[in-house]
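Morning, everyone. Please have the sequence and the 3D view open while I talk.

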Amino acid sequence: MAKVVVITSGKGGVGKTTSSAAFAAGLALRGHRTVVIDFDVGLRNLDLIMGCERRVVFDFINVINGDANLNQALIKDKRNDNLYVFPTSQTRDKDALKREGVERVLEELRQQFDYIVCDSPAGIEHGAVTALYFADAAIIVTNPEVSSVRDSDRIIGILASRSRRAERNEAPVELNLLLTRYDSGRVSRGEMMTVEDVQEILSIPLLGVIPESESVLRASNTGTPVTFDTESPAGRAYHDAVARFLGETREMRFVKPERRNFLRVLFGKA
Amino acid sequence: MMNLFKSLFAPQRNSASVAKERLKIVLAHERAGRDAPDFLPKLQKELIDVVGRYVEIRDDMIRVNLGKNLGKAGDTSLLEINIEIDGAKRRSVSGIAGGASIGGAKA
């Protein structure tokens, strides 16, 4: 049974698209047929992060409007056969994402894929609510910072009251906290809230902690989901999160500050 | 000189714990208001009008809350109205416009 997973946050700039790309690629690398959809109509960026921006011909809105069929719009990833990207449109018409149309497209995707990862736009407007409406599971991307935590709390409230599962009185959307841009050094100096602090405030299960890492910018520069970089701390942390999402138990890494290795410091390796 | 010494060496309250405390307070407030139906402010205003006919009352003396009551039969909603009239002055009968009264009418 296919699962619809929304990556959401309320606040912008916390790492939704990076996490969507990394998470979808992580699922695909584990053999699951996965599609990642950009719900940010008018501000298309998932294509860039996934490195397929020059292969976009048709988009989500074209398919909703019946101007193209699904297989014309889906872009197959060149690095992994299980991974597909579904780009959004650059239209300025904010209401182009019609709920009935989205529902029809998701139903069609459910026939072909194991996981449908929805990259939500920021905010709590039409696009964000449409992205979370059909979700079976949600990953709430949060930075250990006051405005991000507050907005995550707001989005958790919206998931609990305005999703389709809530409206139909079905089992609630499965909630997962993904803490990104975590700087264990600053945490140990009391300059940043700890994982436990954020978890205590939001009180939803913790899926993973992604350390602040140079590899994230490097990955977006080259259009490579960071999970393809299995050497980097962020890549490894995303792989752990994917494993936990699939029900495995993994120890939380990158939460404590790493002991500075003398040789690493000497050679400037991060 | 002493101040300089203090600012250099006194342990500062760490900013992460300030962040946590501030968030706890603001979210407790926001969560309470989140599930409230739209009619609550209007209900509160009308209650103030009605009660105000009998006793002098300020806006902040009425609190209307919709909460959850975890009973044996599962969740039930609980509409809670708190009216504080301690020390409120009774209005004189002549001051009651329209002459509405409760329980005072004889058949």
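This is a predicted model: local features need pLDDT of at least 70, side-chain atom pairs count only at pLDDT 80 or more; totals for chains, interfaces and linings use all residues.

In what order do the eight strands of chain A lie? The order is β3-β4-β2-β5-β1-β6-β7-β8. The sheet is open, and its pairing is mixed. Now look at the edges. β3 and β8 of chain A each have a single partner strand, so one side of each is left without a neighbour in the sheet. β8 covers residues 206-211.

A quick reminder on pairing. Strands of a sheet pair through backbone hydrogen bonds, and they can run parallel or antiparallel. We get both kinds around one strand here.

That strand is β4 of chain A, residues 83-86. Take β2 as a partner, residues 34-38 of chain A. β2 and β4 run parallel, joined by four bridges. Within that pair, A:Val35 stands opposite A:Tyr84. A:Val36 stands opposite A:Val85.

Now β3 of chain A, residues 75-76. How do β3 and β4 run, parallel or antiparallel? They run antiparallel, with two bridges between them. A:Ile75 has A:Val85 as its bridge partner.

Next, the side chains of β4. In a regular strand, side chains alternate between the two faces of the sheet. Follow that along β4 of chain A. A:Leu83 and A:Val85 point one way. A:Tyr84 and A:Phe86 point the other way. Buried or exposed? All four are buried.

Now the contact between the chains. Chain B gives 12 residues and chain A gives 14. Together the two chains bury about 1,200 Å², and 56% of that is on carbon and sulfur atoms. Which residues of chain B lose the most area to chain A? They are B:Lys20, B:Leu23 and B:Arg34, together 42% of what that side buries.

What about charge? There are five salt bridges between chain B and chain A. One of them joins the side chains of A:Glu200 and B:Lys20, at 2.9 Å from N to O. B:Lys20 is also among the residues of chain B that lose the most area. Eight residue pairs are in polar contact across this interface. By class, the chain B side has five nonpolar, two polar and five charged residues.

Terms used. Residues are numbered from 1 along each chain as its sequence is written. Chains are lettered from A and ligands numbered from 1 in the order in which they are written. Side-chain values use heavy atoms; hydrogens and water are left out. Buried means under 20% relative accessible area, exposed over 50%, partly exposed in between (1.4 Å probe, protein chains only). Two strands pair if DSSP finds at least two bridges between them. Contact means heavy atoms within 4.5 Å. Buried area is the accessible area (1.4 Å probe) that two parts lose on being put together, summed over both. A salt bridge is a side-chain nitrogen of Lys or Arg within 4 Å of a carboxyl oxygen of Asp or Glu. A polar contact is a pair of N or O atoms within 3.5 Å; within protein, one must be able to donate a hydrogen and the other to accept it, and residues adjacent in sequence count only if both atoms are side-chain atoms. Ala, Val, Leu, Ile, Met, Phe, Trp, Tyr, Cys and Pro count as nonpolar, Asp, Glu, Lys and Arg as charged, and the others, Gly among them, as polar.
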